[in-house]
Amino acid sequence: MSDRDAVLFANEAFYAAFNSRDYEAMEGLWASESPVSCIHPGGGPIFDRDAVMASWKGILGHDSQAPILALGPRIRLFGDYAAVICFEVIAGNNLIATNVFVREDRHWKLVHHQSGPTAEAPPRAMLSEKGPITFN
């Protein structure tokens, strides 16, 4: 598997864990050897793995959490680091996300996630005939 494919797979696994509210899967996707951080929409920065994972535990623990659609991922590779920039659609709201990965023990692990609102809508070309591509 190429690095690009492996990073895309890790990014898709992140959204699958979010949509299935699978905290254990989410925890396994985040780096354990590198410093991590996260900025949720409308929130401030969260630093350190314990605090980041606590934030995800709270989010994934809500039964009313709307599913997230991730569209149009664009991958940038920088050696053992990679960034994925994509659209997120949650409950009809358009967001832009940046997910940063590091290679740890031959696996791509998240070190940073940031998502925030955007006025830009995902291009129609990102929609299939059956509707948006989802990661369930």
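Helices (H or I, at least four residues) and strands (E, at least two) are taken here as DSSP runs, numbered from the N terminus. The expected span of a helix is 1.5 Å times one less than its number of residues. The structure is a predicted model, in which local features need pLDDT of at least 70 and side-chain atom pairs count only at pLDDT 80 or more, while totals for chains, interfaces and linings use all residues. Residues are numbered from 1 along each chain as its sequence is written, and side-chain values use heavy atoms, with hydrogens and water left out.

The chain holds three helices and eight strands, in the order α-α-β-β-α-β-β-β-β-β-β from the N terminus on. Of its 136 residues, 40% count as buried, where buried means under 20% relative accessible area, exposed over 50%, and partly exposed in between (1.4 Å probe, protein chains only). The accessible surface comes to about 7,700 Å², and carbon and sulfur atoms account for 53% of it; such areas come from the Shrake-Rupley method with a 1.4 Å probe, and for residues only the protein chains shown count as cover. Contact is defined as heavy atoms within 4.5 Å. Among contacts between residues at least 6 apart in sequence, 52% join residues at least 24 apart.

Helix 3 has 12 residues and spans 16 Å from its first C-alpha to its last, close to the expected 16 Å. Val52, Met53, Ser55, Trp56 and Leu60 are its buried residues. Seen down the helix axis, these residues fall within an arc of 155°, so they line one face of helix 3; the arc is that of the directions from the axis to the C-beta atoms. Asp50 and Lys57, on the other side of helix 3, are exposed. The cover over the buried residues includes helix 1, helix 2, strand 1, strand 2 and strand 6. For Trp56, neighbours within four places in sequence aside, the contacts are Phe14, Phe18, Tyr23, Met26, Trp30, Cys38, His40 and His113.

Helix 1 (residues 3-20) has 18 residues and reaches 25 Å, close to the 26 Å expected. Its buried residues include Ala6, Val7, Phe14 and Phe18, and the buried residues of this helix pack against helix 2, helix 3 and strands 3, 4, 5 and 6. Asn11 also lies in helix 1 and, at 2% relative accessibility, counts as buried. Beyond its neighbours within four places in sequence, Asn11 touches Pro73, Val84, Cys86, Asn99 and Phe101. Arg21, which follows helix 1, has a positive phi near 55°.

Strands are said to pair if DSSP finds at least two bridges between them. Strand 4 and strand 5 pair in the antiparallel sense over 10 bridges, with Val89 opposite Asn94. The two form a hairpin with two residues between them, and Ala91 in the turn has a positive phi of about 50°. Strand 5 and strand 6 also run antiparallel, joined by 10 bridges, and Ile96 stands opposite Gly116. In their hairpin, which has two residues between the strands, Asp105 takes a positive phi near 50°.

A nonpolar core is a set of buried Ala, Val, Leu, Ile, Met, Phe, Trp, Tyr and Cys residues joined through side-chain atoms within 4.5 Å. The largest has 32 residues, of which Met26, Trp30, Val52, Trp56 and Phe101 touch the most other members. Helices 1, 2 and 3 and strands 3, 4, 5 and 6 each supply at least two residues of this core, and helix 1 gives the most, with seven.
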